[in-house]
Amino acid sequence: MNRSPNVQLAWLSLAMFFGMTLWFSATAANAPIVAEFHLSATQTAWLTMAVQGGFVVGTLISALVNLPDIVNPRRLFAAGCVIAAAANAALVRADGVVMLIALRLATGAALAWVYPPGMKVAAGWFEQRRGAALGVLIGALTIGSAFPHLLASASATIPWRLLMLSASTLAVLGGVIVVTAVTDGPYVASSARFDPAAVGRVFSDRGTRLATLGYLGHMWELYAVWTWIAAFASASFGFSGGATPNSSAGSAVAFATIGSGAIGSAAAGLFADRLGKARVASWAMIVSGACCAASGFLFHAPAPVLYLFAMVWGVAVVADSAQLSALVAQYSPRDHVGTALTIQTSAGFLLTMASIRLLPIAAQVVGWQWVFICLVPGPVFGVLALRGLSRDG
């Protein structure tokens, strides 16, 4: 087995890409699911948020019991892929909204064993170039998240059940890759003893606290954009139909937005290791916050202009994510990096549930044209939180 850090990162990134296709699988198939099960606007919103809610519960429990530190993170990653894939595949047999939402909750809870442990594995292989490594890994995550939108945009007639089964198959393949092609790196402890005070000890450090606050500002914006950019684009192109308009053209814009984040994550990582992780993260949030504020003025813009704007926004909106996680890994105790990363993501994804739910409600008041104005406070808060780290981060 090749123990080159770059080769290990490549295999891990491929596994992350496959595993995270489950995240937006149901969102990409939102329109046919809503039509088949006759979901109300409220039920549709809960279906959209369910994976976030499950992820929050899963990460919170994992952090409190130090699961990413007492269990080998590669095995945890593989188990999460398989369980999440099973829950997602079971959607094809769902008989109502309750089962749909319950299965998406289970999918999100299982993905809590994929995303944070994956970051810990990557951090274990890199010390000097950790920002770049996590940037590549988060880039793989963004492409995986975007992939269902690509399938949905490529064929408006693709059966949604086939989309679910395809994503589940890829996730299982990701689990196989991480246990057969990836090994543990030398820079982070692969396992540690349970410590009930670990969460408090981790966040007693000022650097970890500030990086987490910056992450909260970033997360207020990120998943709300990723979740609702297809509806925004569909409305911009003139499509309608219910509270959340959907179209293959909107899905294509969503893929461009989310997928371009891979470029932003990788590029930010390359610059962050030289210029400072907190500084680069702050710059990214300034750009993405400006895009939030400008989005309304691009409504009804010609398709090429909207695509270009979406790609710029997509690059900026996720470019800070890996660097904020790298900062937490940098300031956390070596034997509880997994716990620190997991509680950081738990808090961040809990906040995303509020912003994701807020946007369709706001759209009923101000319309989809101006809805992303609600997200501007997030990156502003994040930039202010990171000011204390900009010199040494």
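**Ground rules.** I am working with a predicted model, where local features need pLDDT of at least 70, side-chain atom pairs count only at pLDDT 80 or more, and totals for chains, interfaces and linings use all residues. Residues are numbered from 1 along each chain as its sequence is written, and side-chain values use heavy atoms, with hydrogens and water left out.

**Aromatic pairs.** I began with the rings, and the structure holds 17 aromatic pairs. Rings of Phe, Tyr and Trp (its six-membered ring) pair if their centres lie within 6.5 Å; planes under 30 degrees apart are stacked, over 60 edge-to-face, and the rest tilted.

I looked up Trp 23 and Phe 55: their ring centres are 5.2 Å apart and their planes stand at 70°, so I noted the pair as edge-to-face. Trp 23 sits in the loop between α1 (5–19) and α2 (25–28) and Phe 55 in helix α4 (residues 41–64), so this pair ties together parts that are 32 residues apart in sequence. I took helices as DSSP runs (H or I, at least four residues), numbered from the N terminus. Both Trp 23 and Phe 55 are buried, where buried means under 20% relative accessible area, exposed over 50%, and partly exposed in between (1.4 Å probe, protein chains only).

My next pair was Trp 228 with Trp 368, whose ring centres are 5.8 Å apart with planes at 45°, so the pair is tilted. It links distant parts of the chain: Trp 228 is in helix α12 (residues 206–236) and Trp 368 in the loop between α17 (337–366) and α18 (377–386), 140 residues apart. Trp 228 and Trp 368 are both buried.

I also found that Trp 23 and Phe 55 belong to one aromatic cluster with Tyr 115, Tyr 223, Trp 226 and Phe 349.

**Helix α1.** I checked the length of α1: its 15 residues reach 21 Å from first C-alpha to last, close to the 21 Å expected at 1.5 Å a residue. The expected span is 1.5 Å times one less than the number of residues. Among the buried residues of α1 I listed Leu 9, Leu 12, Met 16, Phe 17 and Phe 18.

**Cysteines.** How many disulfides does the structure hold? I counted zero, taking a disulfide as a pair of cysteine sulfur atoms within 2.5 Å. The sulfur of Cys 291 has its closest cysteine sulfur in Cys 292, 7.4 Å away, which is too far for a bond. Cys 291 is buried, at 7% relative accessible area, and Cys 81 is buried too, at 1%.

**Ser 346.** Leaving aside neighbours within four places in sequence, Ser 346 is in contact (heavy atoms within 4.5 Å) with Val 56, Thr 59 and Leu 60.

**Two more residues.** I found Ser 4 in the segment before α1, partly exposed at 26% relative accessible area. His 38 lies in the loop between α3 (30–37) and α4, and at 67% relative accessibility His 38 counts as exposed.

Note on methods: Helix = DSSP H or I, 4+ residues; strand = E, 2+ residues; numbered from the N terminus.
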